[in-house]
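Welcome! Below is a short tour of a protein structure, meant for someone meeting it here for the first time.

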Amino acid sequence: MLVLLVLMLSLSTILSACTSSTAPEANKPTETQKPNNESKNDPSKETTAKQEFRFNLATEPPSLDPSLAQDVTSMTILNATFEGLTSTDANSKVIPGVAEKWDISPDGKKYTFTLRQNAKWSNGDPVTAHDFEFAWKRVLNPNLPQTSPYNYQLYYIKNGEAYFTKKIKDSNQIGVKATGDYTLEVELENPAPYFLDLTAFATYYPVHKSAKDNPAWANEANTIISNGPFKISSWAHSSQIELVPNEHYHKRDEIKLTKVTAVMLEDTNAVLNMYETNALDYIGPPFNGGIPSEQIPILKQTKKDELVIKPQASTYYYLFNNKVKPFDNKKVRKALSMALNRQLLTEKITLGDQKPAFAMVPPGINIANEEFRSQVDGNYFKEDIAEAQKLLAEGLKESGLDKMPAFTMKYNTNDLHKKVAQAVADMWKQNLNIDVKLQNVEWTVFLDQRTALDYEVARAGWNPDYNDPMTFLDLYTTGSGNNDLGFNNKKYDDLIKAAMKEVDLAKRQDLLASAEKVLIEEEMALLPIYYYTSITLIKPNFKNIYVDPLANFRFDRGYVE
Amino acid sequence: MFRYILNKFVFFVLAMFVLASITFILMKAIPGDPFVSEKAVPPDVKARLLAQYGLDKPLYVQYVTYLGNLLTGDLGISMKLANRAVVDFIRDSFPLSLKLGITAIFTSVIIGVTLGMTAAFRHRKLMDSTAMVIAVLGVSVPSFVMAAILQWLFAVRIPMFNVVGLVQAKDYVLPTMALSAMPIAYIARLTRSNMLEVLHSDYIKTARAKGLNSWQIMRRHVLRNGILPVVTFLGPLTANVITGSFIIEQIFGIAGLGKIYVQSIGNRDYSLIMGITIFYGLILMTARFFTDVAYGFIDPRIKLGKRKEGSA
């Protein structure tokens with residue numbers, strides 16, 4: 001009884017304390033924000049700002065060994081702690097990294113990189129061409145205790161695939177050689193005009209030679225040696241990672257942040273609450289647990305200065321199973337695609353300023369350092385309900401059907417995908433009088449079913465691996481591991497094959513444009529819906545922290561005003 | 001006593017074997033493997049990855065190898081989080097879940113029993129109804145709703161606590177409240193109904209007739225009998241609270257084992273799934289064992305070793 005009384009009393013004290021303190025406490029955050037807003041107008045006060053940045057990484061990075069990493073979480077930390085031969089800027093264009101300059105042979109197959117001599121590892125050792133040779137051969141090593149799941153990113157290198165598949169035994173035959181401490185010679189299987197984009201990618205990062213004796217070197221903060229702008233000062237597994245500047249980095253003066261903290265939180269509400277209480281400075285993609293779509297209209301009102309929406313070079317689309325009836329008929333596929341209202345879908349459902357897609361390659365993807373979409377028109381078809389109805393009737397007749405059979409559309413379990421699927425199903429019902437059953441499937445099972453062509457219509461999305469239209473267009477060639485459409489088209493295959501060998505950049509662009517035309521305009525092998533945007537919240541005084549068009553989250557040159 | 005423990009041990013080994021086998025079968029029955037990826041992996045690479053973890057061998061070989069390793073205490077290494085041993089995950093994460101769990105159990109028992117007793121002694125009075133309203137609320141509000149409300153109210157609206165984390169002592173308050181709301185309510189109702197039953201039994205009347213005062217009756221007769229069911233409940237509760245706080249861990253950003261367990265299933269990280277399941281099984285069985293022993297001490301009618309099976 002006494003206990004209860006004490007409990008009740010203390011509870012009521014707490015409660016009354018809460019109510020009485022509500023007003024001033026609630027105002028606190030805005031009060032603390034005021035100086036920031038003032039300092040924005042008065043640059044002289046900026047110098048005192050604490051150069052610390054906190055963001056949500058959502059989950060534990062699966063691997064911080066650049067050779068083993070293959071996911072966006074790991075890459076985010078790797079991009080800040082390592083540096084490749086090249087690097088990329090805010091528009092995903094190539095800039096020099098560890099390499100100062102490079103020469104490309106006329107046939108586009110031989111690259112000679114000259115490395116800067118002042119590049120250093122976080123332990124002070126110089127970064128040499130040997131470190132790159134070691135790292136690349138390590139990725140391709142078939143006898144490594146841990147196989148690199150992304151090692152095919154190095155199949156562009158001469159004999160890379162042959163060595164991994166044990167067709168050749170001698171690693172000296174692999175097309176990478178350090179001909180001096182600061183000269184690296186690379187030979188490719190085929191000309192790849194985007195090779196300099198690839199060398200900015202984590203799988204191509206150098207690895208310190210000490211990794212040879214310690215396969216688990218990337219497991220703990222104290223054994224990781226890196227060569228990028230930051231180094232890992234602490235890593236509490238599944239909880240948080242702290243980065244501090246790498247004192248030995250060759251452009252140390254460009255690094256302004258003194259500490260970066262990446263927490264691992266998955267609950268979207270908790271993450272928003274953290275941001276609200278100034279415990280986080282940034283939330284959003286490329287990580288899970290970003291901003292729920294229904295919050296966007298509210299945030300557009302309440303947090304105008306902090307909500308940043310930028311186009312992202314990724315496409316959201318639906319797959320048709322090109323092997324099953326009636327989706328093996330291109331008129332049926334075109335009808336389904338033309339009967340949608342993509343503008344309405346992005347304005348009312350996805351809400352994140354996404355752009356309707358009428359092609360496969362999204363804006364932001366470059367070819368020869370120019371944006372592909374501004375060179376090649378991306379309107380391969382128009383939305384037209386009357387035309388769609390006509391095409392559907394014709395297509396069904398050709399397939400020997402008098403009516404569109406009811407079918408199932410699958411999507412991986414996710415709130416946004418569900419809303420999009422419902423809206424699409426609704427538009428088909430209204431415009432074409434088609435009945436669609438929606439089915440959500442757990443991610444791994446979903447991928448399994450898609451690969452096995454165990455679907456009729458299924459959701460898909462594609463983020464580029466490198467900055468070139470090829471990363472979108474070589475997906476659906478016959479025999480491609482990514483071809484989960486059952487699409488086999490000789491004309492398309494030949495165009496892609498020709499583009500892969502073509503050295504002339506203008507001709508190559510034409511070949512890729514023609515291939516895209518076959519895929520979308522002629523065949524409508526898949527149904528483009530919209531081009532993604534990245535939707536982020538960032539405190540207004542943080543500058544130069546962004547998601548680039550290739551969905552890399554970059555903060556290494558960030559600073560606080 | 002020895003026979004009892006031996007019995008329990010045999011049962012324990014058998015149960016663990018069944019648990020390991022069923023988990024293995026179910027795990028293999030769900031489509032996918034740890035190396036399924038949205039971007040197609042070339043067949044050679046995939047084959048090499050599968051071979052690395054022995055996943056290329058027939059299922060029965062995998063099963064036998066797995067049980068063999070288990071007997072030697074080897075839980076293997078994670079297939080998705082490169083190079084990290086399953087034991088390391090448990091070592092890093094379990095202490096957090098455990099600390100939070102123990103705090104929640106103590107809170108539940110102390111508050112729950114107090115509430116229940118108060119309600120019983122003040123039967124049909126204001127205190128009784130108040131306590132039971134609290135109990136009904138605790139049972140009917142799911143813990144994740146409770147957690148979200150508590151977080152918003154006491155960390156955002158009134159910033160008394162940190163939104164997430166488990167670093168300072170005060171960080172325990174919100175997750176503990178969310179985690180113990182249900183057990184408090186359950187224990188309170190259990191205690192109340194038992195106390196009422198005991199209070200109306202003949203031996204209490206006898207005790208009163210003997211001239212014992214309320215405090216003595218309470219201490220010697222009522223408490224001991226009334227609390228018995230709570231002890232029964234304590235076993236499953238302990239196991240539940242220590243292992244089942246996944247959602248709470250998620251909401252309060254605690255890097256506990258529950259969070260890792262759920263991720264491992266999504267990842268099809270076979271070794272991690274199996275390792276944590278076995279570990280959870282171990283805890284569950286241990287908690288049960290101690291409940292049974294504790295029962296023997298509180299209730300002299302239950303004599304350990306004279307019964308075939310100690311469960312009550």
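## How much is inside

In this predicted model, 56% of the 561 residues of chain A count as buried, meaning under 20% relative accessible area with a 1.4 Å probe, protein chains only. Local features need pLDDT of at least 70, side-chain atom pairs count only at pLDDT 80 or more, and totals for chains, interfaces and linings use all residues. Residues are numbered from 1 along each chain as its sequence is written, chains are lettered from A and ligands numbered from 1 in the order in which they are written, and side-chain values use heavy atoms, leaving out hydrogens and water.

## Overall build

Chain A holds 16 helices and 23 strands, which are DSSP runs (H or I, at least four residues, for helices; E, at least two, for strands) numbered from the N terminus. The C-alpha trace of chain A spans about 80 × 70 × 50 Å along its principal axes.

## The nonpolar cores

A nonpolar core is a set of buried Ala, Val, Leu, Ile, Met, Phe, Trp, Tyr and Cys residues joined through side-chain atoms within 4.5 Å. The largest one has 177 residues, and Trp136(A), Leu184(A), Trp428(A) and Tyr476(A) have the most contacts inside it. Helix H12 of chain A (residues 415-432) gives this core its largest share, eight residues. A second, separate core has 52 residues, including Leu272(A) and Tyr172(B).

Take a look at Trp428(A): beyond its neighbours within four places in sequence, its contacts include Leu336(A), Phe407(A), Met409(A) and Leu527(A). Contact here means heavy atoms within 4.5 Å.

Definitions and conventions. Buried < 20%, exposed > 50% of the residue type's maximum accessible area, 1.4 Å probe, protein only.
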